[in-house]
Amino acid sequence: MGFEIKRVGIIGAGQMGNGIAHVCALAGYDVVLNDLEADRIKSSLATINGNMARQVSKGLYGEDEKKAALARIHGTDQTSDLSDADLVIEAAVEKEEIKRKIFSTVCPFLKPEAILATNTSSISITRLAASTDRPERFIGIHFMNPVPIMQLVELVRGIATEDETFELSKGFVTRLGKTYAVSEDFPAFMVNRILLPMINEAIYTLYEGVGSVDAIDTAMRLGANHPMGPLQLADFIGLDTCLSIMQVLHEGLADSKYRPCPLLVKYVEAGWLGRKTQRGFYDYRGEKPVPTR
Ligand SMILES: NC(=O)c1ccc[n+]([C@@H]2O[C@H](COP(=O)([O-])OP(=O)(O)OC[C@H]3O[C@@H](n4cnc5c(N)ncnc54)[C@H](O)[C@@H]3O)[C@@H](O)[C@H]2O)c1
């Protein structure tokens with residue numbers, strides 16, 4: 001096959017973007033990490049450095065490999081720097097109009113054969129693809145959080161995604177050492193279609209006063225053997241992202257069972273978005289997380 005992925009561009013240096021950059025660089029890809037804000041890029045590179053240092057201290061690889069991987073990552077706030085990428089993965093906020101705007105800005109800079117992917121948690125791949133100049137070379141590559149740790153990647157084809165794009169994406173995910181599961185293009189795909197209604201129900205359980213934050217999380221950790229409680233997990237994902245996914249499920253499947261809990265809406269309106277803003281269902285500003293309800 002002629003086309004080979006060597007250089008990966010990533011749009012959005014948030015918690016997902018830095019994780020994707022991390023695993024790509026370790027797998028030997030050259031990485032261009034792009035964000036609107038130079039500060040975000042700086043803190044993202046510092047996070048990658050810290051996360052890699054932790055992996056080195058666990059003996060997963062050596063200091064030399066870490067150094068080489070970090071040297072492969074180039075941070076930039078210039079969209080034009082994505083022009084020589086073979087694969088560009090969009091990992092900006094979970095808002096359709098923002099993603100569409102990003103695609104219209106980035107497409108004119110891309111090589112005609114470059115693959116454009118989105119890390120969206122829930123939005124229709126077919127619809128996003130239609131807003132680009134390359135629906136055949138557009139695909140959903142949905143990583144899980146935290147990317148360096150989680151084994152799964154969902155691959156989602158839009159209606160127009162051609163076989164070569166799909167095959168190249170499978171090869172890419174495999175080279176990262178991850179396992180892919182193929183999902184049809186339905187709202188929130190597989191993992192979040194199942195996971196987010198469970199989290200939303202946990203928030204309703206809190207909202208209706210059935211249990212406290214601590215009681216609900218303890219119940220699911222010890223009663224259902226989940227590694228972390230659903231409210232802790234919601235904070236980890238980001239409450240804005242949780243709300244956006246519930247809205248996509250609610251609108252996309254037109255079923256009231258997906259109605260976002262009003263308490264989730266309230267937390268997002270307060271700017272309490274979970275770990276990334278230091279406050280959500282827990283307050284992370286002190287030494288230990290403290291439940292906020
Ligand atoms: N958080 C999760 O657990 C998770 C898991 C899987 C997928 N996702 C998806 O990944 C995407 C990113 O989520 P996140 O948690 O990393 O969000 P985040 O809020 O941590 O990061 C988003 C980043 O995008 C940047 N950004 C916004 N507009 C931009 C633009 N026009 N150009 C370049 N950068 C821009 C922001 O500055 C920010 O740094 C979303 O689509 C989300 O649904 C999230």
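What you're looking at is a predicted model, where local features need pLDDT of at least 70, side-chain atom pairs count only at pLDDT 80 or more, and totals for chains, interfaces and linings use all residues. Residues are numbered from 1 along each chain as its sequence is written, and side-chain values use heavy atoms, leaving out hydrogens and water.

**The whole chain**

- The chain has 11 helices and 10 strands (DSSP runs numbered from the N terminus: H or I of at least four residues for helices, E of at least two for strands).
- The radius of gyration, taken over C-alpha atoms, is 19 Å, which agrees with the value near 19 Å for a compact globule of 293 residues (the rule is 2.2 Å times the number of residues to the power 0.38).
- Along the principal axes, the C-alpha atoms fill a box of roughly 60 × 45 × 30 Å.
- Buried residues make up 47% of the 293; buried means under 20% relative accessible area, with a 1.4 Å probe and protein chains only.

**Around strand E5**

- Strand E5 covers residues 115-118: Ile-115 and Ala-117 point one way, Leu-116 and Thr-118 the other, and all are buried.
- On one side, E5 pairs with strand E4 (residues 87-90) in the parallel sense over four bridges; pairing takes at least two DSSP bridges.- Strand E6 (residues 138-143) also runs parallel to E5, joined by three bridges.
- Ala-117 stands opposite Ile-89 in E4, and the bridge partner of Ala-117 in E6 is Ile-139.
- E4, helix H4 (residues 96-106) and E5 make a right-handed β-α-β unit; that is, with the strands pointing away from the viewer, the path from the first strand over the helix to the second runs clockwise.
- From E5 the chain crosses through helix H5 (residues 125-130) to E6, in a right-handed β-α-β crossover.

**Positions from the UniProt record**

- The unreviewed UniProt entry lists residues under "binding site", among them Gly-17, Glu-94 and Ser-121; such annotations may be inferred rather than shown by experiment.
- Gly-17 is found in helix H1 (residues 15-26) and counts as buried because its relative accessibility is 0%.
- Leaving aside neighbours within four places in sequence, Gly-17 is in contact with Ile-10, Gly-12, Leu-33 and Ala-91, where contact means heavy atoms within 4.5 Å.
- Ser-121 is found in the loop between E5 and H5, and is buried with a relative accessible area of 12%.
- Not counting residues up to four places away in sequence, Ser-121 touches several residues, including Glu-94, His-142 and Phe-189.

Methods
Buried < 20%, exposed > 50% of the residue type's maximum accessible area, 1.4 Å probe, protein only.
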